[in-house]
Amino acid sequence: MFKTILFRNPHPAGPLWFRKLASVYLILCGLPIFLPYFDARYLPSPEWVSSVRIFDILVVILMTCAAGFFVFQECRKATSEVSRVNAVWGGIGITIPFWIFGILLNWGPVTHGGPMLVSGLIGQEVELPFDVRFWDTGRDRSRCPNSVTVKDLPLIQGKICNLPPEFLTTLQRYDTIIVSGQGTQAGLFVSSARRAVQEPDSL
């Protein structure tokens, strides 16, 4: 009975439950793509990303192995070379997005998608520190004018947009800024930013 449930609805990319799981995975990973169109920016905590990234890598590896196993089963049952080729390409097609989102872009559901969803649903007002990598007072191609790019995050996800130009001109590289917004200690939706108070040097 377990085998019947596991392999119900044969498909080159795996049974129905696996394809549903893959769809949820890709939806969580793809959330950052649509946020700028709603004038929203999610900024993950560098400490969170560095500490849990290994789990996203493991998820990608496990899902790739599962897809490969299902493709192998499909190839064994195939009655023609065309069916085998279609099974292989089906498996490749469903695993490539796992590697793009989870490894290449670092938009995995553990580091990014899951915490983002939690921040949007039950997040509270929090403040997190970030170090400045560089800033730009112009408009760039990512619809992010007057931006600060923070340190220890990929460029594509480590930006704070629409900041006052007069604030940006006070910043220097590696300055610490305090970012406020709705979220958790894993990350937040940015609402404002200010420069951290510098401790006076001891005499």
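Contact here means heavy atoms within 4.5 Å. The model is predicted: local features need pLDDT of at least 70, side-chain atom pairs count only at pLDDT 80 or more, and totals for chains, interfaces and linings use all residues. Residues are numbered from 1 along each chain as its sequence is written, and side-chain values use heavy atoms, with hydrogens and water left out.

**Exercise 1.** Find S119 and decide whether S119 is buried or exposed.

*Solution.* Start at helix 5, residues 109–122, where S119 lies; helices (H or I, at least four residues) and strands (E, at least two) are DSSP runs, numbered from the N terminus. Next, check the relative accessible area of S119, which is 0%. S119 is therefore buried (under 20%; exposed is over 50%, partly exposed in between, with a 1.4 Å probe and protein chains only).

**Exercise 2.** Which residues is S119 in contact with, leaving aside neighbours within four places in sequence?

*Solution.* Y42, Q182, G183, T184, G187 and F189 are the contacts of S119. Now look at two of these names again: Y42 has F189 as its bridge partner in strand 6.

**Exercise 3.** Work out how strand 6 is joined to strand 1 and strand 5.

*Solution.* First take strand 1 (residues 42–44): three bridges join it to strand 6 (residues 187–195), and the two run antiparallel. Strands count as paired if DSSP finds at least two bridges between them. Then take strand 5 (residues 176–184), which is antiparallel to strand 6 and joined to it by eight bridges. Here G181 stands opposite V190. Finally, look at the turn: strand 5 and strand 6 form a hairpin, with two residues between them.
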